[in-house]
Amino acid sequence: MSDENKTLLRCYVDEVWHKRNLGALRELMSPALLDPADKEYVRGPAWARRFHRAYREAFPDADVTVEDQL
């Protein structure tokens, strides 16, 4: 993983998971991000916002910790 990608991942975890700033997804994700399992399915910022809202509703106390980045 490049240093740029490591920084991007840390920013994502900090802004979206820790600060719950879903607006940051517009800056962190491509609007044309494709699902790796289904190249026809777009999973951009709008999908990610829905995912995070549903996840937080189901698991309000969930936390994310990055222990290692390779």
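Me: Is Val42 buried, partly exposed or exposed?
Reply: This is a predicted model, in which local features need pLDDT of at least 70, side-chain atom pairs count only at pLDDT 80 or more, and totals for chains, interfaces and linings use all residues. Residues are numbered from 1 along each chain as its sequence is written, and side-chain values use heavy atoms, with hydrogens and water left out. Buried means under 20% relative accessible area, exposed over 50%, and partly exposed in between (1.4 Å probe, protein chains only). Val42 has 44% relative accessibility, so this residue counts as partly exposed.

Me: Which residues does Val42 touch, not counting residues up to four places away in sequence?
Reply: Val42 lies in strand β2, residues 38-42; strands are DSSP runs of E, at least two residues, and helices are runs of H or I, at least four, numbered from the N terminus. Contact means heavy atoms within 4.5 Å. With that cut-off, and leaving out residues up to four places away in sequence, Val42 touches Pro31, Ala32, Leu33 and Leu34.

Me: Happy with that. Does Glu15 count as buried or exposed?
Reply: Glu15 is found in helix α1, and touches Arg20, Asn21 and Ala24, not counting residues up to four places away in sequence. Its relative accessibility is 19%, so Glu15 counts as buried.

Me: How is α1 oriented to α3?
Reply: Axes here are lines fitted to C-alpha atoms, for helices over the stretch in contact, and angles run from 0 to 180 degrees between N-to-C directions. Helix α1 (residues 3-18) packs with helix α3 (residues 45-58) at about 55°, their axes being 11 Å apart. Angles under 35 degrees count as roughly parallel, over 145 as roughly antiparallel, 65 to 115 as roughly perpendicular and the rest as oblique. That makes α1 oblique to α3.

Me: Which residues in α3 does α1 meet?
Reply: From α1, the residues taking part are Tyr12, Val16 and Trp17. Their partners in α3 are Phe51, His52, Tyr55 and Arg56.

Me: Good to know. Where on α3 do its buried residues fall?
Reply: In α3, Pro45, Ala48, Arg49, His52 and Arg56 are buried, and what covers them includes α1 and α2. On the other side, Glu57 and Ala58 are exposed. Seen down the axis of α3, the buried residues fall within an arc of 105° (taken from the directions from the helix axis to the C-beta atoms), so they line one face of the helix.
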